[in-house]
Amino acid sequence: MGVNENDLTKQEIESVLVKKFGETLTKGALTWYSLLPENYIDSFVELADLFIKAHLGAQKVEKRMEDIFKVKQGDTELLREFVDRFQCERMLLPRVPDNWAPMAFASNLNEKSLEATRRLKESL
């Protein structure tokens, strides 16, 4: 039975298509999809168009493991925001040696975060 041979409304069909599309993604495509703002997509056609523009039209640049050391915390970026962004960036890289990620994360915190972390450790 096809999608159109059921009792779903057009809006329900769109919702199913968008949900199922997201479930088929892996790696960078899944990261891209998960970072889309909530309620940003109105239709499957719109989602497909955005996906094509983001992935097929973009030049593929092979990331290197060393790129993990280029992910730096911004001056006004909260620690939680940096943690989330760092993890997303790490997922897009080839397998990074286990000891590199903590070194890169710690070395790329901004000075305000380093000071706040030091004070937190002292208070514990």
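## Overall make-up

Of the chain's 124 residues, 23% count as buried, where buried means under 20% relative accessible area, exposed means over 50% and partly exposed lies in between (1.4 Å probe, protein chains only). This is a predicted model, in which local features need pLDDT of at least 70 and side-chain atom pairs count only at pLDDT 80 or more, while totals for chains, interfaces and linings use all residues. Residues are numbered from 1 along each chain as its sequence is written, and side-chain values use heavy atoms, with hydrogens and water left out.

The chain has 6 helices and 0 strands, in the order α-α-α-α-α-α from the N terminus. Helices (H or I, at least four residues) and strands (E, at least two) are DSSP runs, numbered from the N terminus.

## Surface and contacts

Of the contacts (heavy atoms within 4.5 Å) between residues at least 6 apart in sequence, 57% join residues at least 24 apart.

## Helix α1

Helix α1 covers residues 10–23. Its 14 residues should span 20 Å at 1.5 Å a residue, and the end C-alpha atoms are 20 Å apart, which agrees; the expected span is 1.5 Å times one less than the number of residues.

The buried residues of α1 are Ile13, Glu14, Val18, Phe21 and Gly22. Seen down the helix axis, they fall within an arc of 165°, so they line one face of α1. The arc is that of the directions from the helix axis to the C-beta atoms. An α-helix has 3.6 residues a turn, so residues three or four places apart point the same way.

Thr31 lies in helix α2 (residues 27–34) and is buried, with a relative accessible area of 7%. Leaving aside neighbours within four places in sequence, Thr31 is in contact with Cys88, Met91 and Leu92.

Val83 belongs to helix α4 (residues 79–92). Val83 counts as partly exposed because its relative accessibility is 23%. Val83 and Gln73 are 10 residues apart along the chain, and their C-alpha atoms are separated by 8.8 Å.
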